[in-house]
Amino acid sequence: SFYYGTFPAGFLWGVGSSAYQTEGAWDKDGKGPSIWDAFTHEKGKVFRNETGDSACDGYYKVKDDIQLLKELKVNHYLFSISWPRIMPTGIKTEQLNEKGIQFYNDTINSLLENNIIPIVSLYHWDLPQVLQEKYGGWQNISMINYFNDYANLCFEKFGDRVKHWITFSNPWAVAEKGYETGEHAPGLKLGGCGAYKAAHHIIKTHAKVWHSYNNTWRSEQQGMVGISLTSGWGEPVDPHRQTDRDAAERYIQFHLGWFANPIYRGDYPEIMKNYVGRKSTQQGLGTSRLPTFSVQEKTYIKGTSDFLGIGHFTTRYVIQKSFPFLQASSYHTDRDLAELVDPKWPAPGPKWLYSVPWGFRRLLNFIKTQYGNPLIYVTENGVSEKVQCTQLCDEWRIEYLKGYINEILKALNDGVNVKGYTAWSLLDKFEWNKGFSERFGFYHTDFKNKNKPRYPKASVDYYKKIIHANGFPHPREVENWYQKAMDTCSATHQLLATDSLITHMETVTEIVLPSVFTLCILISIVLLIFYLRNH
């Protein structure tokens, strides 16, 4: 049932985005190539071979996009720094890019001038390509020191103004999609080992960066360092059946617990160690494919988060499913489970993202119980649509936001320590291996127009109302929000249609007319030659 009420005073409302997905300018002003530049430039890796070379042109439109944030009336903006934009090869001693540093300085200053808190992620997947080519990226332990140098540079240059740092955004996807399935950059398929090894190095890197901040910068800058972990919720198909309950537990531990357990409890989840260890033995391996932490490392890693960032999009029903050990080893078969969905769940966009709000409250309560009720910021939550045509009246996004934000309110009443919410995302942007085919934005980006103009969807108006009211104060008031949002988007649709017509006319003027003119000249020349020959 829907719960009417408001959030605590001082609760933070915001939106987020990431560097590679929005900035563009992939080789401008001294920026070095990232693994995503290399990956997208390889044919067949991304839907329609699209790239983030120009993305939303965010590099050139910072001021415009900050105006959108002001329009939304958010308290904070979560964005990421592109490592190769400020350190082209990823190695501090080789080269720093002052123009890149200036770009982020200007962005941070503009946000603060407009009373918007910057929440900064140091890593949203765009590893410098040089580090991938030279060392194998996150498969190599040397990344720990290179990343720590980069993080310290960011603390030095921006830490006087940035007080909320995220070391890694969704490291699960970095490890699993980058080094297990190869769906994401760097596109490696190192089945059964690659993801575990990458995650191991990422966890150790996170801890090193937290200690660097704690020892060198905290007393002076008074900021916080956390990590952002994205996880779905796993619900047992039959809650009365022990095997289903165990499978749902494994789903969460192999997803969220993989990273959260070392940070909050000092080691990988027992269930993960047991399952991967047993399967490794069955395969005749001398040691587990899941690496181990030494006693010193466990102590060093435990407690290295001032807050926990949580990204959450959807839920799955989970059931026990055994995989024969003869099959090629993989992270997915290690879990011995199958994921199911309820066909009645709404799925407005891609088939992986079903709207199941109640799963969010359960996930937040799990975190409270499992990790000692840490300070939580929701760092990513939103829904996309598949692009058939431009859809500004996004009532499904309104329903999704209303449902999921309401579950956070219920979780707060359960005693969960949530201090802020970041909707994903500000703009329609480049969606990794899906290209531009999925749209998460509050603002529609017209990628066909060379200026990449932004247009507000209905959800902008609705989210503004939630922020202004700090929740859902009264049934009648909340019902009115929906109608007003729909009225607004109808007017925006007309504006977009007019702009599209103007763009089309400009295209005609710029391309068609010169072509016709050139053709007329050529025909005239041919006719003149014929005329001269005949006379």
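Modeller: Start with residue classes. Ala, Val, Leu, Ile, Met, Phe, Trp, Tyr, Cys and Pro count as nonpolar; Asp, Glu, Lys and Arg count as charged; the others, Gly among them, count as polar. This is a predicted model, where local features need pLDDT of at least 70, side-chain atom pairs count only at pLDDT 80 or more, and totals for chains, interfaces and linings use all residues. Residues are numbered from 1 along each chain as its sequence is written, and side-chain values use heavy atoms, with hydrogens and water left out.

Biologist: How many cavities of 30 Å³ or more does the structure hold?

Modeller: General idea first. Rolling a probe the size of a water molecule over the atoms shows where empty space is left. On a 1 Å grid over the protein atoms alone, a cavity is a set of points where a 1.4 Å probe fits but cannot get out; a pocket is an open set with protein on both sides within 12 Å along at least five of seven lines; lining residues have an atom within 4 Å of a point. Points are joined across faces, edges and corners, and a volume is the space filled by probe spheres set on them. Here there are 8 such cavities. The largest cavity takes up about 230 Å³.

Biologist: Which residues lie nearest the centre of the largest cavity?

Modeller: S17, T22, G58, V62 and Y77, out of 20 lining residues. Elements giving two or more residues to this lining are α1 (19–22), α3 (62–72), β3 (76–80) and α5 (98–113). Helices (H or I, at least four residues) and strands (E, at least two) are DSSP runs, numbered from the N terminus. By class, the cavity lining has 11 nonpolar, 6 polar and 3 charged residues.

Biologist: What is the volume of the largest pocket?

Modeller: About 790 Å³. Its lining has 31 residues, with N170, W172, K177, F313 and W352 nearest the centre. Helices α8 (171–179) and α10 (242–265) each give two or more residues to that lining. The top contributor is α8, with 4 residues. The classes are 9 nonpolar, 12 polar and 10 charged.

Biologist: Is E385 buried or exposed?

Modeller: Buried means under 20% relative accessible area, exposed over 50%, partly exposed in between (1.4 Å probe, protein chains only). E385 is at 4%, so it counts as buried. E385 sits in strand β12 (residues 385–386).

Biologist: Which side chains make a polar contact with the side chain of E385?

Modeller: A polar contact is a pair of N or O atoms within 3.5 Å; within protein, one must be able to donate a hydrogen and the other to accept it, and residues adjacent in sequence count only if both atoms are side-chain atoms. The E385 side chain makes one with R397 at 2.5 Å and one with K457 at 3.2 Å.
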